[in-house]
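Biologist: Can you take me through this model? I'll ask as I go.

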Amino acid sequence: MVLVTPLTKLLGSVPLVQGGMQWVGVPSLAAAVSEAGALGILTALTQPSPDALREAIRETRRLTSKPFGVNITLLPTINPPDYEGYARAAIEEGVRIFETAGNAPGALIKFFKSQGCIVIHKCTTIRHAKSAEKHGVDVLSIDGFECAGHPGEEDVGGLVLLARAAQELKIPYIASGGIADARGVAGVLALGACGANMGAPGQRLVHPIHQNIKNKIVESKEQDTVHIFRTLHNTARVFKNKVSMEVVSIERKPGGAKFEDVRELVSGLRGKKGYELGDPDYGIWSASQSMGVINDIPTCQDLVGRIEREVEDIIGGLSKVVVKAKL
Ligand SMILES: Cc1cc2nc3c(=O)[nH]c(=O)nc-3n(C[C@H](O)[C@H](O)[C@H](O)COP(=O)(O)O)c2cc1C
């Protein structure tokens, strides 16, 4: 049996996407995921400049001849990065698949579509999904509350979001957030998704991430994440450690907190250093409730192969649930 969905027809891959991940979506991961038959995605803003992204794209090509995508995340910041520069660099390097995420993606989506690209837009509400649909994206990625990174401000879990997606959306969508094994993938296919997007499950597979952090992800449970930036209306699900708990306690102080009050604690470079040092308490790093489901550190090839095989078994096994009534 081979899994065929609108996503596999569009991408020529198995119905699994590795979502963009700051500091984690590097050439070695994107290439390994694509080589394994799923869609690997490079994270543009992990590279310090559009030229560095060009070099990362070339490096990924040296590692795989299979297609891969580039994620561009639009951040709520006063000094935005050179999104247009990153987008042009990726197009000029021949990338044809993009994952967009974040605030006001309309112009970026239109630009990619004008260049004949495939766009997967990731969002956390049906309202935003419908708006991206109008901008002409090819696939929506519906990110439920379980996810690592930004779950939005409405706290709706994947089950309900996907059921709403089935009711409301006209174009294909993939499910994102909390999916780490074949049961999750089979479940979201049953809910009408044409594939699954995974973030955190890829976080334990990539080379620049220190072995201590990978082990920490395996040891941790679904309770080991916490939301920061709730009071700043930019909620992020991150690993529960000393730094993230300090951020939460600053946010809870009477009168609340401004970004300035936590800036040093939440510095992206500090989070990156923690990955490199192998110190899970060093800084802030995104983490998902799916840590509860993750029990090992396989290769990408083994993980994708295992999920594919087991999804087929689970879907096949479901036919036993249907018992024909005697006439
Ligand atoms: C370490 C890490 C960094 C992430 N960084 C980004 C990012 O820069 N841009 C983005 O769109 N999503 C980012 N995400 C979210 C993932 O792409 C994906 O939507 C999410 O992880 C799905 O939920 P899951 O982790 O439960 O699989 C990140 C996730 C992780 C685990």
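Biologist: Into which domains is the protein divided?

Modeller: Domain 1 covers 6-208 + 299-321, and domain 2 covers 211-277. Those bounds come from an automatic or database domain assignment. This is a predicted model, where local features need pLDDT of at least 70, side-chain atom pairs count only at pLDDT 80 or more, and totals for chains, interfaces and linings use all residues. Residues are numbered from 1 along each chain as its sequence is written.

Biologist: How many residues of domain 1 are in contact with domain 2?

Modeller: On the domain 1 side there are 13 residues, in contact with 13 residues of domain 2. Contact means that the C-beta atoms of two residues, placed from the backbone, lie within 7 Å. The domain 1 side of that contact has six nonpolar, five polar and two charged residues. Ala, Val, Leu, Ile, Met, Phe, Trp, Tyr, Cys and Pro count as nonpolar, Asp, Glu, Lys and Arg as charged, and the others, Gly among them, as polar. The C-alpha centres of the two domains lie 23 Å apart.

Biologist: On to the sheet. What is the strand order?

Modeller: The order is S1-S8-S7-S6-S5-S4-S3-S2, an open sheet of eight strands with parallel pairing. Strands S1 (16-18) and S2 (41-43) stand at the edges with a single partner strand each, so one side of each has no neighbour in the sheet. Strands (E, at least two residues) and helices (H or I, at least four) are DSSP runs, numbered from the N terminus. Two strands pair if DSSP finds at least two bridges between them.

Biologist: How many bridges join S3 to S4?

Modeller: Five bridges join S3 (residues 69-74) to S4 (residues 97-102). In that pairing, Val 70 has Phe 98 as its bridge partner, and Leu 74 stands opposite Gly 102. S3 is also joined to S2, by three bridges, and there Thr 43 stands opposite Asn 71.

Biologist: Why is S4 called largely enclosed?

Modeller: Five of the six residues of S4 are buried, so the rest of the structure largely encloses it. S3 is largely enclosed too, because five of its six residues are buried. The cut-offs, counted as other C-beta atoms (placed from the backbone) within 10 Å of a residue's own, are 20 or more for buried, 12 or fewer for exposed, and in between for partly exposed.

Biologist: New topic, the ligand. Which residues come nearest?

Modeller: Gly 19, Ala 101, Gly 199, Ala 200 and Ser 288 come nearest, out of 28 residues around the ligand. A residue is near if its C-beta atom, placed from the backbone, lies within 6 Å. The shell has nine nonpolar, 16 polar and three charged residues.

Biologist: Which element gives the most to that shell?

Modeller: H9 does, with three residues. S3, strand S8 (196-198) and helix H9 (200-203) each supply at least two.

Biologist: And Ala 180, where is its place?

Modeller: Ala 180 is in the loop between strand S7 (173-176) and helix H8 (182-190). It has 25 C-beta neighbours inside 10 Å, so it counts as buried. Beyond its neighbours within four places in sequence, Ala 180 contacts Met 198, Ala 200, Pro 201, Ser 290, Val 293 and Ile 294. Val 293 is 113 residues away in sequence, yet the C-alpha to C-alpha distance is 6.4 Å.

Biologist: Last one: which residues does Leu 63 touch?

Modeller: Leu 63 touches Pro 27, Ser 28 and Ala 31, not counting residues up to four places away in sequence. Leu 63 lies in helix H3 (residues 50-63), and it counts as partly exposed because it has 16 C-beta neighbours inside 10 Å.
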